[in-house]
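The sequence and the model are shown first, and a guided description follows.

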Amino acid sequence: MPEVSKMKKPDVKVVILGDTSVGKTSLLHRYTERKFRDTISTVGGAFYLKQWGPYNISIWDTAGREQFHGLGSMYCRGAAAIILTYDVTNWQSLAEIEERFLSLTDTANNDCIYAIVGNKADLTDPQAQLTVATDGLTDDQGEGGEQRMKLQVPPACPTPPASPASPSSLLKQVGHDEATALYGRILRYKGLDEKSSLPADRMCFETSAKTGYNVDALFETLFDLVLPSILRKRNENQWSPTVDLEDYREANGKRRGCC
Amino acid sequence: MEDPAEPPLPGPTAVEQSATLEAEPNQNADPETEESEDVDVSAQSADIVPDEANGNNGNNGTDCSGEFVVTMLARSNLEEQAVGTEGTSSPLSEDIAEEAPPLQSHRDEDVMAESWRQHRKHVFVLSEAGKPIYSRYGSEEALSSTMGVMMALVSFVQSGDNMIRSVYSEEHTVVFLQKGPLVLVCVSNSRQSEQQLRAELLYVYYQIISMLTQASIARIFEHKKNYDLRRLLAGSEKILDGLLNLVDWDPSFLLAAVHCLPLPSSLRDSLSQTLQKAITPNLVFSILIAKNQLVTIVQEKTVIEDARLEPADVHLLLNLIGASSAFQAGEIWTPICLPLFNPDCYFYAYISYLDPPECTVCLLLLSTDKEAFYAVAECKRRIEEAMVAQNSLSLIAKAQSYSVSQVGVSDLRHFMYKPFDVPDNHHQLTQFTSPEMEAPYSSDEEKMRLLDLYRYMHSRIHSSSRPLKLIYHVAERETLLAWVTSKFELYTCFSPLVTKACAITAITKLLRWIKKEEDRLFIRYPPKYSTTPNPSKSSRKSEQQDSTDNGFMSLL
Ligand SMILES: Nc1nc2c(ncn2[C@@H]2O[C@H](COP(=O)(O)OP(=O)(O)O)[C@@H](O)[C@H]2O)c(=O)[nH]1
Ligand SMILES: [Mg+2]
């Protein structure tokens with residue numbers, strides 16, 4: 001993430017919620033750094049500013065214990081989009097969204113949009129095992145040395161279900177239908193009319209942070225959808241330091257964007 | 001804290017144990033050359049074991065707990081032969097111990113099939129109900145069978161009104177620590193003293209507290225005795241792994257002191273002032289860290305009167321920062337409890353790197369207000385701006401740990417110096433200074449060997465039964481001298497051929513050098529700021545209720 005963006009006022013807020021280990025940090029990392037790497041466990045919440053075109057999108061990555069710490073409502077306050085994440089190989093992680101995370105979204109904007117994301121699709125879906133080309137979406141220049149995931153499937157286990165280690169854990173435990181059903185229940189919880197809301201088909205994703213499958217689609221879709229809130233907010237307060245800061249940074253010469 | 005051992009009859013087993021313990025650090029040293037003012041090798045093996053075990057060394061007497069220990073540990077595959085210990089502080093056993101040859105090679109490892117058993121130091125955490133919470137090298141078997149056995153051991157001994165504290169075998173020391181509803185167990189073949197291992201377990205406990213608070217843990221287990229705490233710690237294992245790794249490699253933990261980055265005092269002062277100026281209500285600590293070492297700490301005025309930050313709390317913070325550094329471009333906002341400051345309340349920590357993508361300079365701002373993220377983040381912007389204006393980052397980048405050669409004492413290879421006489425020490429963080437570990441301690445193996453020697457010296461100096469003031473220890477490949485006075489604690493490592501007289505002269509020179517450099521080596525006069533409008537209600541108590549209103553009971 002470019003240092004350049006550090007001082008800019010965020011235009012909109014996106015929050016990623018979900019149980020520990022479903023891959024929230026990996027998804028964000030895949031999107032912003034174009035890499036999959038063994039991430040270190042998230043401590044509390046991590047705040048990122050992502051420059052998306054001329055806009056600054058703030059993203060909160062969370063640890064999954066917000067209900068315990070009572071910080072969830074702070075992370076979600078004023079959010080324009082919330083990504084509710086589960087692990088497709090773990091049914092409980094879908095149940096947790098409803099049990100532990102949904103109530104944290106009460107402080108989000110009234111017009112907040114919700115995405116349901118089943119991550120680790122590479123473990124269950126051959127289609128998701130294909131490495132996604134990482135070009136095109138980032139505006140980064142000097143990425144020649146960037147190591148991409150060469151091939152996502154480790155040679156040791158050609159197709160995950162055949163892996164002798166723990167075959168059961170690799171079975172798909174959550175289907176698309178269950179995710180869309182949850183989406184319906186969330187709309188109801190929010191008192192939203194299904195007809196006038198975004199359709200479940202559009203807001204339920206299956207992704208793989210490991211291969212990059214559907215990751216850009218997820219974030220780009222959401223960003224497109226929150227654009228109206230961004231514009232509205234910009235209209236409301238005209239203040240935008242972007243240009244000044246850019247000049248300031250350049251004058252200092254030290255910083256380069258790294259993402 | 002340490003219970004003195006019952007002086008029992010010195011049985012043959014006990015003698016062997018003492019010898020075993022002595023064997024490793026002292027392996028090839030001629031006992032003659034060891035000129036301690038006092039030698040008390042057996043102190044380490046002296047320990048509390050249920051009274052009933054007296055007179056039995058575990059080989060007979062079916063109802064003695066020593067036998068129980070043997071059976072249980074054997075059943076758990078933990079160790080092939082664990083013997084119930086008797087305390088052995090008798091002079092007789094001591095003498096024999098001194099003369100005993102380096103003991104039987106403990107390398108017949110083919111018996112121990114599974115590799116996890118060969119780890120230098122296992123750490124387990126379990127609940128009183130025996131539910132596994134953490135295992136350093138956790139395999140499922142390790143979690144289920146071994147933890148069960150540990151718990152059986154603990155409850156067996158508890159039932160006899162005796163807290164089990166430790167068990168020794170020839171190769172392993174097993175140390176137990178019960179803190180509230182948590183039981184921590186260390187199985188080590190590192191030859192460290194029980195006291196040291198227990199102190200390490202305490203760090204593990206504190207790290208858990210730092211994530212959950214003591215009050216919450218107590219309430220959870222009051223509410224549901226067999227609660228699976230892993231639900232709340234899920235994802236935090238790496239923080240505990242990281243801590244145990246640091247404990248093994250960073251002498252800060254052994255010395256209970258903080259290592260700060262050597263820096264010209266003018267630079268440190270200007271950085272402190274920068275922190276001092278960027279404040280917001282409810283900010284209580286501003287901490288700047290570079291290369292995992294402290295640069296400066298600035299505290300809220302009223303907080304500092306109440307208490308100071310303890311080294312252990314700083315260690316936990318540093319470990320947390322290390323553990324969260326994977327994804328460095330972000331700004332972290334996390335609840336964190338500083339257990340020594342107040343085990344029941346949370347601070348909210350803002351963590352951000354000032355020099356991405358290198359990420360060696362880290363700013364840590366602690367607030368008592370959970371909603372203060374944006375205000376605190378704004379402080380960081382101001383700090384960042386000021387540092388850019390003063391070119392501080394490149395100045396910090398130039399700062400380095402120093403080489404022992406700068407001291408100019410030829411035989412001196414390494415040292416650790418922990419003063420007690422820093423001005424204002426009562427209100428300041430305990431610190432220590434130490435040069436880079438250089439050849440011949442460049443490889444990990446050699447580094448660890450030196451650290452082990454230090455740990456050995458430390459255990460002798462701090463022996464609970466016979467603390468020593470000065471130890472001159474001739475080891476195989478180096479000579480060590482440890483010295484503790486009312487003003488400092490010092491550990492030095494010399495080349496093997498140094499004479500005692502040379503070493504003493506060298507230390508005089510070293511102390512003079514440190515005196516001359518102390519403004520650079522230590523944080524001397526950290527400024528304070530005032531952000532709390534109502535000073536009497538500083539953070540100490542204000543958070544008290546915080547952990548109760550977060551609905552965690554619904555998780556049970
Ligand atoms: N196979 C697979 N593993 C993943 C994927 N995303 C994350 N993981 C792994 O799942 C674990 C947890 O990921 P992390 O991003 O830390 O989860 P978080 O706690 O939700 O942030 C890590 O070991 C990741 O390597 C994925 O898409 N596929
Ligand atoms: Mg995470």
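## A proline in a loop

Between which two strands of chain B does the loop with Pro357(B) lie? Pro357(B) belongs to the loop between strand S11 (347–353) and strand S12 (361–367) of chain B. Helices (H or I, at least four residues) and strands (E, at least two) are DSSP runs, numbered from the N terminus. The peptide bond that leads from Pro356(B) to Pro357(B) is cis, with omega near 5 degrees.

A cis peptide bond also joins Ala439(B) and Pro440(B), where omega is about 5 degrees. Pro440(B) is placed in the loop between strand S14 (431–432) and helix H15 (444–461) of chain B.

## Basis of the description

The model is predicted: local features need pLDDT of at least 70 and side-chain atom pairs count only at pLDDT 80 or more, while totals for chains, interfaces and linings use all residues. Residues are numbered from 1 along each chain as its sequence is written, chains are lettered from A and ligands numbered from 1 in the order in which they are written, and side-chain values use heavy atoms, with hydrogens and water left out.

## The two chains

Chain A contains 8 helices and 6 strands. From the N terminus on, its elements follow the order β-α-β-β-α-α-β-α-β-α-α-β-α-α. Of the 259 residues of chain A, 57% are buried; here buried means under 20% relative accessible area, exposed over 50%, and partly exposed in between (1.4 Å probe, protein chains only). Chain A exposes about 11,200 Å², of which carbon and sulfur atoms supply 53%. Accessible areas come from the Shrake-Rupley method with a 1.4 Å probe, and for residues only the protein chains shown count as cover. Among contacts in chain A (heavy atoms within 4.5 Å) between residues at least 6 apart in sequence, 77% join residues at least 24 apart.

Chain B has 17 helices and 18 strands. Buried residues account for 59% of its 556 residues. For contacts in chain B between residues at least 6 apart in sequence, the share joining residues at least 24 apart is 68%.

In H1(A), 10 of the 10 residues are buried. Those buried residues pack against several elements of chain A, including strand S1 (12–18), strand S3 (55–61) and helix H7 (215–236). Just after H1(A), Arg34(A) takes a positive phi of about 65 degrees.

Thr25(A) and Thr42(A) coordinate the magnesium ion (ligand 2), each through OG1, at 1.9 to 2.0 Å. The pair links distant parts of the chain, 17 residues apart: Thr25(A) sits in helix H1 (residues 24–33) of chain A, and Thr42(A) in the loop between H1 and strand S2 (45–52). Donors are N, O and S atoms within 2.8 Å of the metal (3.2 Å for Na, K and Ca); water is not among the atoms, so sites may look incomplete. Thr25(A) is buried because its relative accessible area is 9%, and Thr42(A) is buried at 18%.

An oxygen atom of ligand 1 lies 2.7 Å from a backbone N or O atom of Ser21(A). A polar side-chain atom of Lys120(A) is 3.0 Å from an oxygen atom of ligand 1. An N or O atom in the side chain of Asp122(A) lies 2.6 Å from a nitrogen atom of the ligand. The protein covers 85% of the 580 Å² of accessible area that ligand 1 has on its own.

## A buried glutamine in chain B

Gln207(B) lies in helix H5 (residues 194–212) of chain B and is buried, with a relative accessible area of 0%. Not counting residues up to four places away in sequence, Gln207(B) touches Ile239(B), Leu240(B), Leu243(B), Leu316(B) and Asn319(B).

How values were computed. Polar contact = N/O pair within 3.5 Å; in protein donor to acceptor, adjacent residues only side chain to side chain.
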